[in-house]
Amino acid sequence: MSADPGVDPRGTISEVLEVAPHQEALMNELFDRRTDLGNIYLGALFVLSNASNHDRHALAAHNLRELMDRLMAHIGVDTRAWTDQMAGRLEPLVTAWTQASENSSAHTGPDDWSGAIDNHLRKFLHKAEKFFAWLNENRIARRVSVRQTLENLDPGRKQVPEAIRAPGIKAWMKYHKYFVGVAHHHGFAPSEFDSNLHDLEHYLLNRLRPRTFQEFEEIRKLIEQGEASD
Amino acid sequence: MRQVIDPEIVEKAISSISTSAEVEFFFDNLASPEWIKPLEERGLLSEAPEPEEEDGLIGFPPWPVSRYLARMAQKDPEEVLRVALELRTNGNASVQADLIDAALAMPPNLAAQLASKVAKWLQTPYLLLPHRSAALVSHLAKGEQADAAFEIAREMLAVEPGRSWDEADEGSSDPYLKPEPQSRVQQWDVEEFVKLNLPDLVRIAARRAFDLLSEMLEEFVQLRRVEGEPEYRDISEVWRPSIAPHAQNPTFGGLRDLLVSATREAALEAINQDPDSLREIVAELEQRKWTIFRRIALDVVNEFGEQDQTLVDLKLTNRAIFSDASLRHEYAVLISNYFGQRSASVQDTVYGWIEEGPDLTYYIERIDRDEERQPDEEELENRREYWRLEWYEILRDFLSEELMRSYEVLSAKYGVPQHPDFVSWSSGVMVGPTSPLSNEQIQAMTIDELTEFLRSWLPEEGFMVPSREGLGRAISDVVSEDPQRYSAQAAKLTGFDPTYVRSAIVGFKRASEGGYGLEWEPVLELCRWAASQPRNEMVRDTDDLEEGDPHWGWARMEIARLLDEGLKPKEYQIPPSLKALSWSIIEQIAEDPDPTTESEDRQEKSPMDAAARSINSVRGTALHAAFRFVFWCRQNSDQLWPDSEDSAFNLDRIPEAKELLERHLQLEQDKSQAVRSVYGWWILSMIQLDRKWIDSHLHDVFPHEEGLRPYWEAAWHTVVRFVPPSKLLLEVLRDEYEIALRQIGSESADDVAREGPEARLAEHILTYYWRGDLDLESDFVQVLWALASLGLRVHALTVLGRALYNTEGRLQDDVIDRLQEFWERLVPTTGPSVAASDELKAFGWWFASGKLDAGWSIAQLETVLKLAKQIDASHLAVQRLASIVDDYPRESVSLLAAMVEGDTQGWGPHLWRENAMQVLKQALSNPDTQTRQSAENLVHRLGARGYLEYGDLLQAE
């Protein structure tokens with residue numbers, strides 16, 4: 001399989017990979033938008049199909065997280081909040097912590113802090129304040145960018161009540177967090193992975209390739225049911 | 001008992017919605033108000049979308065929630081009212097409009113609770129609200145909710161300072177510059193409100209409506225007042241001649257007129273409802289500051305005088321009212337109606353004032369100020385007498401014998417006063433010059449009768465009276481309708497005013513244009529006489545064109561135009577026998593001083609170019625006629641030179657014309673650029689007629705010397721604008737093309753947009769390329785593209801695309817190859833110098849033409865849409881897709897999808913509907929699964945963008 005992001009390999013896939021109809025639809029949708037998006041998703045499916053690769057879930061999760069980030073960028077959303085990684089922000093805090101715990105006169109023993117705030121401790125507290133401020137902003141910024149993503153993916157581009165938008169945002173953040181965790185080899189169950197993958201695929205497909213008139217029918221039926229019980 | 005929707009279903013419904021189209025669909029299909037509570041509890045009814053501002057324009061996104069509330073208001077008004085009262089509309093007028101609709105569906109007592117909100121919303125200037133609010137006033141009034149109705153009515157009638165494009169005018173102390181105060185809502189809405197809804201309010205509370213309207217009218221006049229003007233008068237006697245309805249009142253009198261009428265109507269209705277309030281209302285009006293209210297008060301007294309005769313006496317015997325000219329009309333109406341029933345004492349008082357005469361202090365001051373003199377006693381006495389006469393005219397039905405004798409004496413001296421009850425009287429509107437004779441009257445006259453009339457009739461002085469110009473127009477009409485009759489006797493017009501002669505010639509020209517035959521000889525004899533009249537001798541010294549032609553120049557220009565028309569190759573052209581006569585006229589007019597250098601300098605700053613000036617100046621039109629004469633001679637050469645053995649025709653055959661044309665090319669003889677442009681106009685015909693002559697005079701027509709640049713431009717710009725490109729033209733004018741191309745890119749974007757000379761030059765070059773006269777490597781094409789501005793390149797590509805689109809039939813293969821090569825090489829879609837979006841968009845025309853290779857066009861369009869997102873002539877491109885969908889189903893759907901995606905204005909799919917549906921319908925029934933799938937995806941996508949009509953395609957499936 002070529003790793004060239006510019007090549008669209010769809011024509012030959014069916015010979016080497018078995019995909020479910022919804023996966024094929026998502027793949028086509030992604031390739032139609034941009035070849036690299038299609039290839040990243042296809043890469044995840046290929047890795048997962050190789051049962052002899054015991055690290056396949058982590059590798060696939062990495063691709064799925066990358067797919068979500070790139071899709072965001074592809075539709076014009078500012079992704080800096082996602083690329084500004086926690087590790088880089090955490091490092092100065094850890095250094096300040098180490099220095100404070102080693103040198104501060106207020107560190108009077110293991111797990112024991114008392115007395116006045118000296119310069120070592122002040123430095124750490126300043127770093128901590130900055131870090132938490134960033135963390136807070138970053139959480140908000142991430143949420144904002146996901147909201148923007150969902151708005152940009154909505155072909156109607158009209159406002160949607162928060163009560164309807166919020167679950168979508170929550171779901172995106174949940175999938176993202178999940179696949180980042182798996183990519184970093186946090187513990188997971190394969191069935192849980194499959195379920196999350198399946199949900200993410202449908203989540204993306206519904207937004208990339210809406211079945212508007214089918215959804216309308218569903219909604220119509222629910223309204224009828226609701227008003228019949230009225 | 002309120003029913004409850006199963007909470008599980010509510011949850012299911014909410015979780016099944018994710019896109020804005022689904023939100024809309026959901027709310028638009030709810031039929032029960034029982035959803036309100038559960039949806040409100042889940043936060044779905046609380047966030048009205050905020051207005052969207054873009055490029056200085058504000059838009060109000062519709063909100064399906066407020067639409068739903070409006071629909072439910074009739075079914076559960078209390079519940080909707082509860083939500084509406086708490087709802088924050090975020091300044092979204094569309095949402096506010098829905099809530100007013102909801103109020104309209106509620107019982108008035110509930111709707112009244114929304115009145116304060118509606119009144120507040122009306123303080124914004126948006127158009128969606130006023131007519132609904134006006135209807136709400138009626139709704140509330142009919143439900144006896146007066147407070148609420150008045151709260152909204154006050155905002156509907158609110159006035160504010162006038163706005164002007166020049167802000168300095170808004171605070172101007174000059175009453176003529178200060179803009180008129182205006183209604184806060186659109187005046188049309190106020191007019192409709194006053195006409196349709198205010199009567200409902202007046203019906204339940206006329207007195208209160210009267211107070212409100214008086215207040216608004218007072219505010220209007222106050223705002224009209226110029227700051228710092230201590231003795232401001234409203235001059236209502238000018239803008240509202242009569243308080244009661246009258247033909248003198250303006251048809252479209254604006255807001256002030258509307259407020260006066262409404263105040264009057266409300267006052268009358270208030271007194272009808274409570275007759276005892278007459279004096280109170282009159283007093284209230286008189287207490288207000290401006291004259292207009294005192295006039296309304298007099299009008300009210302007139303209307304109800306029968307019920308309070310003492311009040312009538314009080315008004316009629318009030319010297320201040322009698323003497324105030326601004327109250328004249330209403331006082332005159334009152335006295336005319338009631339004078340006969342007045343006591344002798346009242347009558348004598350009034351007669352006494354008339355006998356005393358007017359206070360002429362103001363008159364004397366004005367004469368002193370304006371004319372710097374003191375009026376003499378006779379003048380003052382005349383003034384007094386005429387004033388008395390006006391009052392006698394007003395009271396004529398009641399005059400005693402003695403006074404009647406005085407009246408007769410004075411009216412014999414001054415004439416019967418017309419409309420003495422009005423300070424000013426308007427007699428009509430301007431309709432253009434009028435003729436003393438109708439067309440029918442002229443047609444009924446013999447030529448001798450007509451000429452006798454022309455000889456004896458003199459226009460009177462005055463405004464809008466019949467004029468020579470008006471009579472001339474009638475003559476033109478009549479002559480053009482019966483040219484044979486008038487042309488046969490045209491010579492009888494010899495000796496008449498230039499206005500009439502010119503008008504007859506215009507009539508002959510029109511007839512010739514229409515293909516009618518003329519008796520040319522008498523017509524040309526008349527022309528010869530007219531052309532020989534002294535050009536510079538002013539017939540009349542006037543700026544008033546109604547008076548008639550000031551000199552013979554206008555007639556000369558029409559003569560040249562007539563000759564130009566008559567010499568054209570057609571059935572009823574000027575016969576060869578009149579060659580000498582025709583030329584003698586042209587020769588004479590070609591020496592006319594117009595255009596002068598001064599007039600050309602002046603016009604240079606105007607948008608009229610040299611070519612336009614050439615057909616609007618005497619010498620220019622004469623030179624056009626001279627060229628026309630040359631080609632008329634060639635056409636008729638067999639008859640003109642029956643014995644000539646030389647079959648070739650050139651200018652040597654007509655030395656008189658050759659000499660004239662050469663002479664006017666010499667700058668010392670003719671400095672006009674307009675005249676020079678005539679040579680550019682006729683260049684191609686002359687190349688074909690006498691190549692040798694052109695070769696030897698080309699430099700004169702297109703002088704290359706730097707100082708003569710304006711002459712080169714006058715001729716060249718005319719060539720590129722009016723002469724069609726041809727191989728011969730390219731061959732002879734190659735140097736001129738080169739010069740013009742070297743300077744390309746210097747024209748402003750506006751000039752390019754107006755299709756100035758550069759745009760026309762580009763069209764010439766591209767036409768040569770299209771025909772194969774130039775290839776892609778030629779310097780002309782390369783220089784054009786290298787130097788052209790973006791605007792010019794876009795113009796060129798669009799012109800090519802449009803030409804392709806408008807070409808009928810199939811193109812030759814070599815043309816197709818050339819055009820495809822042009823696009824591929826000069827409009828790059830890859831690499832560092834990729835073409836600008838606007839250039840790429842022009843491909844819409846190319847694609848829509850269907851003239852190029854289909855596969856190539858599809859591939860190019862795909863690339864263009866990827867880069868530019870949109871194309872020009874998109875509706876035609878979709879039409880083309882519909883015609884190729886059978887052969888290229890998958891590609892057609894893909895291209896349509898790209899166009900839908902790129903449509904940011906939001907109306908494309910509506911505009912393309914018919915053809916887009918055709919594409920999708922064909923694709924949905926295609927045997928290829930992927931094609932069908934793509935089409936279905938696109939239909940759903942269109943639905944998600946709100947184009948629900950496309951859903952029918954899936955149902956048909």
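At roughly what angle do the axes of helix H4 of chain B and helix H6 of chain B cross?

## Helix pair in chain B

In this predicted model, the axes of helix H4 (residues 64-72) of chain B and helix H6 (residues 93-105) of chain B cross at roughly 10 degrees and come within 7 Å; axes are lines fitted to C-alpha atoms, for helices over the stretch in contact, with angles running from 0 to 180 degrees between N-to-C directions. H4(B) and H6(B) are therefore roughly parallel to each other, a term for angles under 35 degrees.

In H4(B), B:Ser66, B:Arg67, B:Leu69 and B:Ala70 are in contact with residues of H6(B), including B:Asp98 and B:Leu99, where contact means heavy atoms within 4.5 Å. By class, this contact has 6 nonpolar, 1 polar and 3 charged residues.

## Contact between chains A and B

Chain A gives 33 residues to the contact and chain B gives 45 residues, and the two chains bury about 3400 Å² between them, 61% of it on carbon and sulfur atoms; this is the accessible area (1.4 Å probe) lost on putting the two together, summed over both.

The count between the chains is 2 salt bridges, each a side-chain nitrogen of Lys or Arg within 4 Å of a carboxyl oxygen of Asp or Glu. One of them joins the side chains of A:Arg211 and B:Glu936 (3.0 Å, N to O).

## Basis of the values

Local features need pLDDT of at least 70, and side-chain atom pairs count only at pLDDT 80 or more, whereas totals for chains, interfaces and linings use all residues. Side-chain values use heavy atoms, without hydrogens and water, while residues are numbered from 1 along each chain as its sequence is written and chains are lettered from A in the order in which they are written.

How values were computed: Helices (H or I, at least four residues) and strands (E, at least two) are DSSP runs, numbered from the N terminus. Angles under 35 degrees count as roughly parallel, over 145 as roughly antiparallel, 65 to 115 as roughly perpendicular and the rest as oblique. Ala, Val, Leu, Ile, Met, Phe, Trp, Tyr, Cys and Pro count as nonpolar, Asp, Glu, Lys and Arg as charged, and the others, Gly among them, as polar.
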